[in-house]
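Hi,

Here is the structure I promised to pass along. Could you have a look when you get a moment?

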Amino acid sequence: MKILIAGQGLAGTVFSFELQQRGHSVVVMDGQKEPAASRVAAGMWNPVSFRRVIPTWRAHQLIPKMHALYAQMESFLSIKVVHKMPVIRIFPNEEYAGIWEKAQQTEVATFLAPAKNRTLSTHIHAPHGHGEVSEAGYVDLPLLLDSWGAYLAENDRLLNQQWDGNATWSDNGAEVHGVHYDAVVLCLGTGAAQDPLTADWEFLRQNKGEVLTLKIPGLKLDHVLNKGKWLLPVGEETYRFGSSYEWQKTERIPSPGVREQFLDVLKEMLPDSKPEVLEHHVGVRPTVKDRRPVVGAHPIQKNAWVFNGLGTRGVMLAPFCAAYLADLLEGKGALDPELNPQRYHI
């Protein structure tokens with residue numbers, strides 16, 4: 001099949017690679033005025049919900065597929081983007097410490113290191129103790145997206161223009177700017193709110209997030225640190241710290257007070273730190289009311305498909321959803337009601 005993918009954020013990147021691996025002809029159209037949320041996100045994965053210390057949705061299915069696909073992309077593009085790195089969760093109180101201890105006897109233990117397996121740096125303030133998620137880390141999303149985009153461009157498969165919804169649809173596919181495609185897949189992220197085929201849906205909740213890049217002299221961590229906010233090592237004494245969540249906010253400028261709030265939380269985690277703010281990043285995530293991706297056939301327009309709503313766990317979700325959607329395009333695999341776009345169509 002010849003398939004047009006609108007958008008080269010994380011969803012469009014992973015899905016176009018999945019289709020190419022299956023032997024399909026892929027063209028990606030991307031000319032976004034605003035950078036995709038994927039380029040601002042830290043790209044972390046963590047299969048544990050810290051609120052109740054349980055596995056996140058379908059974590060045991062998502063993790064193997066995630067590792068397999070990103071390893072394929074690393075090999076194909078000759079890059080290194082996957083960085084496995086444990087997350088240290090600082091316990092907020094004694095009650096939470098007890099919840100974590102009990103969790104060691106449940107299915108979430110697959111993703112946890114043994115209790116008290118690590119001695120923390122003396123810089124870290126954790127009076128109630130800590131736990132460790134061993135199955136965690138981050139994907140260098142800017143490098144992944146840029147490398148795949150460069151490959152597409154070199155092979156004349158990247159159209160540097162913004163999808164505007166201008167297509168002539170038929171039972172056999174769609175004609176876009178004079179070229180016939182068997183299917184068009186909309187990987188538009190927050191752009192779905194303006195697209196003619198999805199603008200009237202109620203699935204998208206835009207979620208503004210902010211992240212700081214910090215230099216913290218004297219601090220050397222080999223793990224992510226989490227206490228409501230997370231601190232991710234990305235270089236010599238350099239860290240990313242975040243993030244914030246502001247529902248239905250779309251402006252891509254720093255919010256008043258967020259920087260100060262972040263630095264106050266950091267002071268609780270690392271009382272003697274003297275951070276220097278290097279950058280303040282802002283992005284808008286495409287999230288969904290029921291916290292499930294929206295992946296599948298458009299309910300009305302034949303040969304149009306939707307891949308959206310990856311939200312805050314996109315690194316984990318994208319490979320699984322890409323394989324699921326590729327199966328549907330190929331006419332195999334059962335519909336998943338939790339992913340089906342039909343649930344949000346008016």
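Below are some notes on its helices and on one proline in a loop. Please keep in mind that this is a predicted model.

Let me start with helix 1, which covers residues 10–21. Its 12 residues reach 17 Å from the first C-alpha to the last, close to the 16 Å expected at 1.5 Å a residue. Of those 12 residues, 11 are buried, so helix 1 is largely enclosed by the rest of the structure. The buried ones include Phe 15, Phe 17 and Leu 19, and also Glu 18 and Gln 20. Just after this helix, Gly 23 adopts a positive phi of about 95 degrees.

Next, a helix pair. Helix 2 (residues 59–77) and helix 4 (residues 141–154) have axes that come within 11 Å and cross at roughly 55 degrees. The two helices are therefore oblique to each other, and their crossing is left-handed. On the helix 2 side, the contact is made by Tyr 70, Met 73, Phe 76 and Leu 77, and these meet Leu 144, Ser 147, Trp 148 and Tyr 151 of helix 4. Sorted by type, the contact residues are seven nonpolar, one polar and no charged.

Last, the proline. Pro 299 lies in the loop between strand 21 (294–297) and strand 22 (304–308).

Best wishes

Note on methods. Residues are numbered from 1 along each chain as its sequence is written. This is a predicted model: local features need pLDDT of at least 70, side-chain atom pairs count only at pLDDT 80 or more; totals for chains, interfaces and linings use all residues. Side-chain values use heavy atoms; hydrogens and water are left out. Axes are lines fitted to C-alpha atoms, for helices over the stretch in contact, and angles run from 0 to 180 degrees between N-to-C directions. Helices (H or I, at least four residues) and strands (E, at least two) are DSSP runs, numbered from the N terminus. Angles under 35 degrees count as roughly parallel, over 145 as roughly antiparallel, 65 to 115 as roughly perpendicular and the rest as oblique. A crossing is left-handed if the near helix is turned anticlockwise from the far one by less than a right angle, and right-handed if clockwise. Contact means heavy atoms within 4.5 Å. Ala, Val, Leu, Ile, Met, Phe, Trp, Tyr, Cys and Pro count as nonpolar, Asp, Glu, Lys and Arg as charged, and the others, Gly among them, as polar. The expected span of a helix is 1.5 Å times one less than its number of residues. Buried means under 20% relative accessible area, exposed over 50%, partly exposed in between (1.4 Å probe, protein chains only).
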